[in-house]
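This note sets out several points for a colleague reading the model alongside its sequence.

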Amino acid sequence: MSRQLFHKTKKTGIKHHNSVFQQLLKTIPRHQFQKVVDRHNGDHRIRTLSCWTQLVAMMFAQLASRVSIRDLVENFNTCHNHHYHLGVSRIKRSSLSDANSTRAASIFSETFFFLLQKVRSHLPRGAASIWYA
């Protein structure tokens, strides 16, 4: 009897549920983002904090209304068991601070304008002009 229970639980496993944050990140094509990073040498000679991790952390900060880098790092690392599914790992305050001050902002602005084009294609005809007013 115990063997049957063991096999039954082994087959079902642990289900993974996508978070709202992960669903939001799916709108950014990872390969498209990586092309932009490669074009700007964003991950050149970087060992700990990739551009993708920086983007995810900064999006988390914006959506979670984090007020400082210390606050962001503490809250972001609290959910470290979900990082694998986001494609990131734990972050350190000094690494994030260095990346924010030295990494080219053009990587993230190109990503923004790429996403803006995707959004504009779903807007009604006259609504696109509001963005540039």
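1. A cavity here is a set of grid points where a 1.4 Å probe fits but cannot get out, and its lining residues have an atom within 4 Å of a point. In this predicted model, the largest cavity is lined by Ile28, Pro29, Gln32, Phe33, Val36, Thr111 and Phe114. Helix 3 and helix 8 (106–120) are the elements that give two or more residues to this lining, and helix 3 contributes the most, with three.

2. The volume of the largest cavity is about 30 Å³, and the count of cavities of 30 Å³ or more comes to one. By residue class, its lining consists of five nonpolar and two polar residues, with no charged residue.

3. Which residues does Phe33 contact, leaving aside its neighbours within four places in sequence? The partners of Phe33 are Ile28, Cys51, Trp52, Leu55, Ile107, Phe108 and Thr111.

4. Helix 5 (residues 69–78) has Asp71, Leu72, Val73, Phe76 and Asn77 buried. An α-helix has 3.6 residues a turn, so residues three or four places apart point the same way. The cover over the buried residues of helix 5 includes helix 4 (51–63), helix 6 (83–86) and helix 7 (93–102).

5. The second largest pocket holds about 180 Å³ of space. It is lined by 15 residues, of which Ile46, Asp98, Ala99, Thr102 and Arg103 are the closest to its centre. Helix 7 gives the most to this lining, with four residues. The lining of the second largest pocket comprises five nonpolar, seven polar and three charged residues.

6. Taken as a whole, the chain has eight helices and zero strands. Of its 133 residues, 27% are buried. Among contacts between residues at least 6 apart in sequence, 62% join residues at least 24 apart. The accessible surface of the chain is about 10000 Å², and carbon and sulfur atoms account for 56% of that area.

Key
Residues are numbered from 1 along each chain as its sequence is written. This is a predicted model: local features need pLDDT of at least 70, side-chain atom pairs count only at pLDDT 80 or more; totals for chains, interfaces and linings use all residues. Side-chain values use heavy atoms; hydrogens and water are left out. Buried means under 20% relative accessible area, exposed over 50%, partly exposed in between (1.4 Å probe, protein chains only). Contact means heavy atoms within 4.5 Å. On a 1 Å grid over the protein atoms alone, a cavity is a set of points where a 1.4 Å probe fits but cannot get out, and a pocket is an open set with protein on both sides within 12 Å along at least five of seven lines; lining residues have an atom within 4 Å of a point. Grid points are joined across faces, edges and corners, and a volume is the space filled by probe spheres set on the points. Ala, Val, Leu, Ile, Met, Phe, Trp, Tyr, Cys and Pro count as nonpolar, Asp, Glu, Lys and Arg as charged, and the others, Gly among them, as polar. Accessible areas come from the Shrake-Rupley method with a 1.4 Å probe; for residues, only the protein chains shown count as cover.
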